[in-house]
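Take a first walk through this structure. Start with the overall fold, then follow the text into its details.

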Amino acid sequence: MENHDRTLKELATLDVPTQTYELKSGLIHLLPKFQGLAGEDPHKHLKKFHVGIPEDYIKMKAFPFSLDGAAKDWLYLQPALFNTLGDMKWTFLEKFYPASRTATIRKEICGIRQHTGETLHEYWDHFNKLCATCPHHQISEQLLIQYFYEGLSMMDRSMIDAASGGALMDKTPMATRHLISNMASNTQQFGIRGSNLSRSVNEIDADSNQRMEN
């Protein structure tokens, strides 16, 4: 039948492929498993699940096979199927990453402090890992950098201020993050701790003064 003989309804649905995909047993066996236990991280499960599966509609078909135990029971008790991958992820996180846990992580991020003896790299790593445990914390990048900066020791805060030329507040959050990341990498590379850095500087000054006296 030519196109001019087709109705508007027929033309609207013409040549629209149906998305069909048969899950292979090999793929199913490779999927990560989530059982809904207290110590499991739903965000980490979703991150692992997304690896190697390109299409959203395939992910929606495969996701039930990545659940086991209590998590699978929960899925089967859902009143309706998910319409989108986003709906599926949100409902999954809402169940296995409750609001109370999110509130706790947000509180920890807002009140983070650098521990005594903790290098800038260790503190930066600790901060980033904490944020990663709750990607939906909904804290702006500006506030994240502010909370991190306010929790710094006086020594490391002074180092960052000096590295920024005393104009840290004039930098964008992205530029500030880049600066801190580079400085943290340097402390890891050279194994520098704030107190050790201060001691090294004092030793160099003392040695220089002694040479001048001689």
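How are H7 and H8 oriented to each other: roughly parallel or roughly antiparallel? Before the answer, some ground rules. This is a predicted model, in which local features need pLDDT of at least 70, side-chain atom pairs count only at pLDDT 80 or more, and totals for chains, interfaces and linings use all residues. Residues are numbered from 1 along each chain as its sequence is written, and side-chain values use heavy atoms, with hydrogens and water left out.

The protein chain holds 12 helices and 0 strands. Both kinds of element are DSSP runs numbered from the N terminus: helices are H or I with at least four residues, strands are E with at least two. Read from the N terminus, the order is α-α-α-α-α-α-α-α-α-α-α-α. The protein chain has 214 residues, and 28% of them count as buried. Buried means under 20% relative accessible area, exposed means over 50%, and partly exposed lies in between (1.4 Å probe, protein chains only).

Now back to the helix pair. H7 and H8 pack at an angle of about 155°, and their axes are 10 Å apart. Axes are lines fitted to C-alpha atoms, for helices over the stretch in contact, and angles run from 0 to 180 degrees between N-to-C directions. H7 and H8 are therefore roughly antiparallel to each other. The classes are these: under 35 degrees is roughly parallel, over 145 roughly antiparallel, 65 to 115 roughly perpendicular, and the rest oblique. H7 passes H8 in a left-handed crossing. That term applies if the near helix is turned anticlockwise from the far one by less than a right angle; clockwise makes it right-handed. From H7, the contact uses Ile105, Glu108 and Ile109; from H8, it uses Phe127, Leu130 and Cys131. Contact means heavy atoms within 4.5 Å.

Next comes Phe63. Phe63 sits in the loop between helix H4 (56-62) and helix H5 (69-76). Is Phe63 buried or exposed? Phe63 is buried, because its relative accessible area is 1%. Beyond its neighbours within four places in sequence, Phe63 contacts His45, Leu46, Phe49, Met88 and Phe92. Phe63 and Leu46 are 17 residues apart along the chain, and their C-alpha atoms are separated by 9.2 Å.

What of the cysteines? The whole structure has 0 disulfides, a disulfide being a pair of cysteine sulfur atoms within 2.5 Å. The sulfur of Cys131 has its closest cysteine sulfur in Cys134, 9.1 Å away, so the two are too far apart for a bond. Cys131 is buried at 10% relative accessible area. Cys134 is buried too, at 0%.

End in the loop between H8 and H9, where Gln138 lies. Most residues other than glycine have a negative phi. Gln138 is not a glycine, yet its phi is positive, about 60°. Gln138 counts as exposed, at 73% relative accessibility.
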